[in-house]
Amino acid sequence: MGAKQLKIGLRVRDLHRSAALYLRLGFREIPNDDQPDLRYLTFRNTWLILSALDSHGYNNTEREQLVRTGTRGLGVVLAIPVPDLDAAYELWQAEGLSITSERENVVWARIFSGLDPDGYEVTFEQFE
């Protein structure tokens, strides 16, 4: 697993639910039978590494407490290009997830934003 690309790690409460959601958005999974508490997903050249909140180590106790009790990912936004913005919007609604910014046309794309099951903000972009 020594590949040289951008990797983003998210700590999640429900590893199965989060992985299934991102797979439905077009991510692909890299098989990883040796680490059941990690899911390696890819989107083009970027890796999204999902780790179970309670089973992956923390670098220090203070950060661990902040992650467990605070809002995870506050200030971080994942921007995901999608071929069909309306389908992504409907998926978000069907999953009962929060929409933080309704669909709109901006200079570069059609977009909307929402929170994933763990509160990570995701902006979807459909390029015209």
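Visitor: How many salt bridges does the rule give, and what makes a pair of residues count as one?

Guide: In this predicted model the count comes to six salt bridges, and a pair counts because a side-chain nitrogen of Lys or Arg lies within 4 Å of a carboxyl oxygen of Asp or Glu.

Visitor: Why is the pair of Arg-17 and Glu-95 called a salt bridge?

Guide: The closest N and O atoms of Arg-17 and Glu-95 are 3.8 Å apart, and the rule asks for a distance within 4 Å, so the pair is counted as a salt bridge. This pair links distant parts of the chain, since Arg-17 belongs to helix 1 (residues 15-24) while Glu-95 sits in the loop between helix 3 (85-94) and strand 6, 78 residues apart.

Visitor: Why are Arg-17 and Glu-95 called partly exposed?

Guide: Buried means under 20% relative accessible area and exposed means over 50%, with partly exposed in between. Arg-17 has 32% relative accessibility, so Arg-17 counts as partly exposed, and Glu-95, with 27%, therefore counts as partly exposed too.

Visitor: How do you know that Arg-39 and Glu-29 form a salt bridge?

Guide: Their closest N and O atoms are 2.4 Å apart, which is within 4 Å, and therefore the pair meets the rule. Arg-39 is in strand 3 and Glu-29 is in strand 2 (residues 28-30), ten residues apart, and the pair links distant parts of the chain. Glu-29 counts as partly exposed, because its relative accessibility is 34%.

Visitor: What makes Asp-86 and Arg-110 a salt bridge?

Guide: The closest N and O atoms of Asp-86 and Arg-110 are 2.8 Å apart, again within 4 Å, so this pair also qualifies. Asp-86 lies in helix 3 and Arg-110 in strand 7, 24 residues apart, and here too the pair links distant parts of the chain. Salt bridges that share partners also join Arg-17, Arg-24 and Glu-95 into one network.

Visitor: Why is Arg-44 called exposed?

Guide: Arg-44 has a relative accessible area of 68%, and exposed means over 50%, so the word applies to Arg-44. Arg-44 lies in the loop between strand 3 (38-43) and strand 4 (46-52), and its phi is near 55°, a positive value in a residue other than glycine.

Visitor: Why is Leu-25 called buried?

Guide: The relative accessible area of Leu-25 is 9%, and buried means under 20%, so Leu-25 is counted as buried. Leu-25 has its place in the loop between helix 1 and strand 2.

Visitor: What makes Val-107 a part of a nonpolar patch on the surface?

Guide: Patch residues need over 30% relative accessible area, and Val-107 has 86%, so Val-107 passes that cut-off and is also called exposed. Val-107 is found in the loop between strand 6 (99-105) and strand 7 (110-115), and together with Trp-108 and Phe-127 forms the patch, with about 400 Å² of accessible area.

Visitor: Which residues line the largest pocket, and of what kinds are they?

Guide: The largest pocket holds about 230 Å³ of space. Of the 14 residues that line the largest pocket, Arg-63, Val-67, Arg-72, Gly-73 and Tyr-120 are the closest to its centre. The lining divides into seven nonpolar, four polar and three charged residues. Strand 1 (7-12) and helix 2 (61-69) each supply at least two residues of the lining, and the largest share, four residues, comes from strand 1.

Technical notes
Residues are numbered from 1 along each chain as its sequence is written. This is a predicted model: local features need pLDDT of at least 70, side-chain atom pairs count only at pLDDT 80 or more; totals for chains, interfaces and linings use all residues. Side-chain values use heavy atoms; hydrogens and water are left out. Patches are made of residues with over 30% relative accessible area and no salt bridge: like charges are joined within 9 Å, nonpolar side chains (Val, Leu, Ile, Met, Phe, Trp, Tyr) within 5 Å. Accessible areas come from the Shrake-Rupley method with a 1.4 Å probe; for residues, only the protein chains shown count as cover. Buried means under 20% relative accessible area, exposed over 50%, partly exposed in between (1.4 Å probe, protein chains only). On a 1 Å grid over the protein atoms alone, a cavity is a set of points where a 1.4 Å probe fits but cannot get out, and a pocket is an open set with protein on both sides within 12 Å along at least five of seven lines; lining residues have an atom within 4 Å of a point. Grid points are joined across faces, edges and corners, and a volume is the space filled by probe spheres set on the points. Ala, Val, Leu, Ile, Met, Phe, Trp, Tyr, Cys and Pro count as nonpolar, Asp, Glu, Lys and Arg as charged, and the others, Gly among them, as polar.
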